[in-house]
Amino acid sequence: MHHLAGAVTDTTLCLQVLWLADNYVSSLTGIEQLADLQELNVARNDITQIGTSLLPSSRLTSLNLADNQISSLQVRLPASMLSWRVAS
């Protein structure tokens, strides 16, 4: 799996926790469709940028981006965010 956009279906729309660590994910495109998502772990993947995938209005409270290829994080994190990790 390299992109999340194709994995989002009617069944996955109400996911609250999603762990995709160690899955060669390179893009978070489509993650914004998971409106109920509270916890996202995409550590140890091939992600290089976040873009607008994590909208400030999302319900995310926990985000793990550790051990990816992100050189800069230029995104407003949601107000609901309680913990986030970018470095290993």
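The following legends describe close-up views of a predicted model.

Residues are numbered from 1 along each chain as its sequence is written. In this predicted model, local features need pLDDT of at least 70, side-chain atom pairs count only at pLDDT 80 or more, and totals for chains, interfaces and linings use all residues, while side-chain values use heavy atoms, with hydrogens and water left out.

**View 1. The chain contains four strands and zero helices.**
Helices (H or I, at least four residues) and strands (E, at least two) are DSSP runs, numbered from the N terminus. Along the sequence, the pattern reads β-β-β-β. The chain has 88 residues, and 35% of them are buried; buried means under 20% relative accessible area, exposed over 50%, and partly exposed in between (1.4 Å probe, protein chains only). Of the contacts with a separation of 6 or more, 15% join residues 24 or more positions apart, where contact means heavy atoms within 4.5 Å.

**View 2. Four strands form an open sheet with parallel pairing.**
The strand order is β1-β2-β3-β4. Because β1 and β4 (83-85) stand at the edges with a single partner strand each, one side of each is left without a neighbour in the sheet. From one strand to the next, the twist averages 5 degrees; axes are lines fitted to C-alpha atoms, for helices over the stretch in contact, and angles run from 0 to 180 degrees between N-to-C directions. Two strands pair if DSSP finds at least two bridges between them. Strands β3 and β4 pair in the parallel sense over three bridges. Within β4, W84 is the bridge partner of L63. In general, strands of a sheet pair through backbone hydrogen bonds, either parallel or antiparallel.

**View 3. I31 and L40 belong to the largest nonpolar core.**
A nonpolar core is a set of buried Ala, Val, Leu, Ile, Met, Phe, Trp, Tyr and Cys residues joined through side-chain atoms within 4.5 Å. This core has 17 residues, and I31 and L40 touch the most other members. When residues up to four places away in sequence are not counted, L40 touches L18, I31, L54, L60, S62, L63 and N64. In soluble globular proteins, nonpolar side chains tend to be buried together.

**View 4. N41 is a residue of strand β2.**
N41 counts as buried, because its relative accessibility is 8%. Apart from neighbours within four places in sequence, N41 is in contact with L18, W19, L20, A21 and N64.

**View 5. D22 and R44 form one of two salt bridges in the structure.**
A salt bridge is a side-chain nitrogen of Lys or Arg within 4 Å of a carboxyl oxygen of Asp or Glu. In this pair, the closest N and O atoms are 3.0 Å apart. The bridge links distant parts of the chain, with D22 in the loop between β1 (17-19) and β2 (39-41), and R44 in the loop between β2 and β3 (62-64). The C-alpha atoms of the two residues, which are 22 residues apart along the chain, are separated by 5.1 Å. D22 is partly exposed at a relative accessible area of 46%, and R44 is also partly exposed, at 41%. Leaving out residues up to four places away in sequence, R44 touches A21, D22, N23, A66, D67 and N68.

**View 6. D36 and R59 meet in a salt bridge.**
The N to O distance between these side chains is 3.0 Å. D36 lies in the loop between β1 and β2, and R59 in the loop between β2 and β3, so the pair ties together parts that are 23 residues apart in sequence. D36 counts as partly exposed, with 24% relative accessibility. R59 is likewise partly exposed, with a relative accessible area of 48%.

**View 7. D22 and D67 have positive phi values.**
Phi of D22 is near 60 degrees, and this residue is not a glycine. D67, also a residue other than glycine, has a phi of about 60 degrees. D67 is placed in the loop between β3 and β4. With 36% relative accessibility, D67 counts as partly exposed.
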